[in-house]
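Here are a few notes from a look through the model you sent. Have it open while you read.

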Amino acid sequence: MKSRLVLPHSTASAFSVTASLAIIYFVWASTYVGTAFVVEEIDPYTGSGFRFILAGLLLFLFIIITKGPKALLVTKKQIRNAMFIGFILIGLSSPLLGVAAQQISSGLIALLVAMTPIFIAILRFIFGDIPSIKTILGIVIGFTGVIVVLVIPTVSNNLFIIICLISNVVWAIGSFWSQKIELPKSPLTTAAIQTLFGGMCAVLIGALRGERTSSFFSASESETWIAFIYISVMGAIAYSAYAFLLVNTPISLVATHAFVNPVVAIFLGNLLRNEKISLSIILSGAIVVVGIALVVLGEKKKELINPET
């Protein structure tokens with residue numbers, strides 16, 4: 001009997017699905033903590049850019065080795081569209097998380113990033129997709145959780161929470177737009193193009209905003225380089241696992257990572273960086289997770305989320 005974890009057309013095994021879920025549950029969450037280590041020495045756009053350049057190159061190499069060069073044969077239109085989405089997701093959105101990580105905890109960032117399904121649901125409503133009662137209730141509850149973070153003192157400057165939320169909105173726009181345009185048929189090929197080009201854009205934007213590109217090459221702490229290599233390599237693996245799950249499992253199952261990532265990131269942030277777990281984070285986290293759960297349940301038959309890396 002076919003496992004309920006996979007879609008009817010899929011030939012994926014329950015083991016491969018479970019392993020991929022474990023990767024996006026735990027590895028993805030750990031990259032937020034890794035980013036916090038990296039931005040201590042490397043400027044955020046520069047560090048994020050080089051991270052995704054490396055990840056993109058690794059994905060291209062993986063595709064060539066496993067599927068052959070023919071897997072990279074795509075149309076000019078598909079390349080342009082993938083590059084455009086990469087610019088939005090990787091060039092604009094992701095580096096903002098690095099900016100936020102300079103001032104707020106990785107656990108709080110993961111918690112705020114987990115709200116991406118809520119912003120995507122709002123975009124769908126704006127463009128005429130009427131949400132269910134569960135979705136509406138989930139959106140209201142989710143934003144209540146954010147208000148708790150803003151009202152109860154958590155960080156010295158709420159500006160960085162707002163920056164994180166702006167990153168969410170930009171990511172949601174890119175994810176929503178990606179469903180409306182023609183991209184390469186292979187999710188891995190799409191991811192490779194997006195990460196490589198988006199990383200280049202991030203480095204360029206960093207230079208334009210006055211970041212020192214040399215900060216990447218002058219980083220001297222071993223933990224900075226360990227964290228950089230980790231988030232680059234493991235981030236690429238996590239994205240590959242996500243792409244596999246999108247093709248082989250229900251979107252509602254994939255979206256469950258939004259419940260797990262904040263919990264794992266908060267735990268790892270406390271363990272590895274001694275980040276304080278405040279009452280407001282616990283309270284707002286519980287509220288936001290309930291809101292996300294309702295949105296996922298309300299949107300379970302629809303394309304809902306591309307996780308922010």
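This is a predicted model: local features need pLDDT of at least 70, side-chain atom pairs count only at pLDDT 80 or more; totals for chains, interfaces and linings use all residues.

1. On the cysteines: the structure holds zero disulfides. C164 has a relative accessibility of 0%, so it counts as buried. C201 is also buried, at 11% relative accessible area, because the cut-off for buried is under 20%.

2. Helix α5 covers residues 116–126, and eight of its eleven residues are buried, so the rest of the structure largely encloses this helix. If you want to colour them, the buried ones are T116, P117, I118, F119, I120, A121, L123 and R124. Note that R124 is on that list, and that Arg counts as charged.

3. Now the helix pair. Helix α4 (residues 106–113) packs with helix α12 (residues 257–273), their axes 7 Å apart and at an angle of about 175°. That angle makes the two helices roughly antiparallel, because anything over 145 degrees counts as such.

4. Which residues make the contact between α4 and α12? From α4 they are S106, G107, A110 and L111, and from α12 they are N261, P262, A265, I266 and G269. By type, the contact has five nonpolar residues, four polar ones and no charged ones.

Technical notes. Residues are numbered from 1 along each chain as its sequence is written. Side-chain values use heavy atoms; hydrogens and water are left out. A disulfide is a pair of cysteine sulfur atoms within 2.5 Å. Buried means under 20% relative accessible area, exposed over 50%, partly exposed in between (1.4 Å probe, protein chains only). Helices (H or I, at least four residues) and strands (E, at least two) are DSSP runs, numbered from the N terminus. Axes are lines fitted to C-alpha atoms, for helices over the stretch in contact, and angles run from 0 to 180 degrees between N-to-C directions. Angles under 35 degrees count as roughly parallel, over 145 as roughly antiparallel, 65 to 115 as roughly perpendicular and the rest as oblique. Contact means heavy atoms within 4.5 Å.
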